[in-house]
Amino acid sequence: MKKRKNFIKEFVEYTFLRLFFTFFNLLPIKFSRKISSVLFSFFGRLSKYNLIALQNCKIVFPNLKQSEIKNIVDKSWKNLGETTFKRA
């Protein structure tokens, strides 16, 4: 039963992502890159991985101010969004 439930969940996620990528491929590339960078910036900050990225940057760059570290992580989310939806 658990295996079937997991399969259904993964199938729904896969279908959603395929539709999402298809939609972005229909848009002009500059527009889709801009939208995806904004989406990744917004949702990236809400994810648990944002805290991990901030902690890792503090370890790697111990002399930087908190605002500079936050700026690096924010730019990373934006770049990840641009490159993910470049042409999927």
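## Packing of α2 against α4

The crossing of α2 and α4 is right-handed, that is, the near helix is turned clockwise from the far one by less than a right angle.

Contact (heavy atoms within 4.5 Å) joins R33, S36, S37, F40, S41, G44 and R45 of α2 to D74, W77, K78, L80, G81, E82 and T84 of α4. These residues comprise 3 nonpolar, 6 polar and 5 charged, where Asp, Glu, Lys and Arg count as charged, Ala, Val, Leu, Ile, Met, Phe, Trp, Tyr, Cys and Pro as nonpolar, and the others, Gly among them, as polar.

## Packing of α3 against α4

The axes of α3 (residues 48-60) and α4 (residues 66-84) come within 10 Å and cross at roughly 130°, which makes α3 oblique to α4; this crossing is right-handed. Y49, N50, A53, L54, C57 and K58 of α3 meet Q66, I69, K70, I72, V73 and W77 of α4, and the contact divides into 8 nonpolar, 2 polar and 2 charged residues.

## The largest pocket

The largest pocket has a volume of about 200 Å³, and its lining includes F16, F20, F40, F43, G44, W77 and T84. Helices α1 (2-26), α2 (29-46) and α4 each supply at least two lining residues, and by class the lining has 9 nonpolar, 2 polar and no charged residues.A pocket here is an open set of points on a 1 Å grid over the protein atoms alone, where a 1.4 Å probe fits, with protein on both sides within 12 Å along at least five of seven lines, and lining residues have an atom within 4 Å of a point. The volume is the space filled by probe spheres set on the points, which are joined across faces, edges and corners.

## Basis of the values

Residues are numbered from 1 along each chain as its sequence is written, and side-chain values use heavy atoms, leaving out hydrogens and water. As the model is predicted, local features need pLDDT of at least 70 and side-chain atom pairs count only at pLDDT 80 or more, whereas totals for chains, interfaces and linings use all residues.

How values were computed
Axes fitted to C-alpha atoms, helices over the stretch in contact; angles between N-to-C directions. Helix = DSSP H or I, 4+ residues; strand = E, 2+ residues; numbered from the N terminus. Parallel < 35°, antiparallel > 145°, perpendicular 65-115°, else oblique.
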